[in-house]
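Visitor: I would like a close look at a single part of this model. Please take me through the place where two chains meet.

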Amino acid sequence: KQEVTQIPAALSVPEGENLVLNCSFTDSAIYNLQWFRQDPGKGLTSLLLIQSSQREQTSGRLNASLDKSSGRSTLYIAASQPGDSATYLCAAFGADRGSTLGRLYFGRGTQLTVWP
Amino acid sequence: GAVVSQHPSRVICKSGTSVKIECRSLDFQATTMFWYRQFPKQSLMLMATSNEGSKATYEQGVEKDKFLINHASLTLSTLTVTSAHPEDSSFYICSAYRENTGELFFGEGSRLTVL
C-alpha cells in the first residue's frame, strides 16, 4: 500500500525566504504527483501536477520536482509571502495493486506560516 | 473560478437525521469522483470512489449503508450521511477526476455538525 510522508510537519519563516517542502512515497508506480494548498476550513486548491514521465513543473514562484526512482518530490517556494501561509499537501495518484481504479494517497501536509 | 462545486458548505443537523451533500463538476464530465473525510489537523481519508452509472467502491472500514453515494450523471455525485450521529461530524470533501489531463479538482468541502 502506498504511503506518503511529508517533512517538515510545520514550518514558520519570515517573509522573503526560499522554502523547500519535502514529500516521499513508497510505491514508485504512480500516474502523477500533485501538490495542493489548503487554507483553514477550506477545500484543496491544486498547485502543480507532475505526470510520471515528467521531472518538474513550474508555476510562478512555485517549482515542484519529481524523482520517481527514489520516491521523492520537492516543492520549492521562492520569495515566500504571508499570503503563502497554508497547509501544503502532496498526493501520489496511482492504482492499488490488483485494481484498475486510480486513487490519491495524501501526505499529512506541511503547515506553513510566513510572518511579515 | 471553481471547477468543482460542493454544496452545502456548512450543515448542522440533529442526531438521527440524514444529510445530503452534492458535488458537481462545472466545466467537464467526470466519470469518477472521490469522497474524502478530513478530521481536524489530519490529512484526507478516502471514503469511496464514485463511478458514474455503477455502484461506488468503498474503502475498508467505511459503511456503505451509512454513507450512500449516488453518481447519477457525469457532472453530479451525492453523498448522503444516513441517520447521522455526533461522531459523523467532520469535514467532507469531494473531488472530480478529469481524465484527459489526469487532474483531480476538489470542492470547497462541507462541514457537517451533528448535534
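How many residues of chain A are in contact with residues of chain B, and how many of chain B take part?

Guide: This is a predicted model, in which local features need pLDDT of at least 70, side-chain atom pairs count only at pLDDT 80 or more, and totals for chains, interfaces and linings use all residues. Residues are numbered from 1 along each chain as its sequence is written, chains are lettered from A in the order in which they are written, and side-chain values use heavy atoms, with hydrogens and water left out.

On chain A, 20 residues are in contact with 22 residues of chain B (heavy atoms within 4.5 Å). The two chains bury about 1600 Å² between them; this is the accessible area, taken with a 1.4 Å probe, that two parts lose on being put together, summed over both. Carbon and sulfur atoms carry 54% of that area.

Which elements of chain A touch chain B with two or more residues? They are β4 (32-38), β5 (44-51), β9 (86-95) and β10 (102-106) of chain A. Strands here are DSSP runs (E, at least two residues), numbered from the N terminus. By class, this side of chain A has eight nonpolar, nine polar and three charged residues. Gly counts as polar, while Ala and Pro are among the nonpolar ones.

Now the specific pairs. Three residue pairs are in polar contact across the interface, both residues at pLDDT 80 or more. A polar contact is a pair of N or O atoms within 3.5 Å, and within protein one must be able to donate a hydrogen and the other to accept it; residues adjacent in sequence count only if both atoms are side-chain atoms.

Definitions and conventions:
Helix = DSSP H or I, 4+ residues; strand = E, 2+ residues; numbered from the N terminus.
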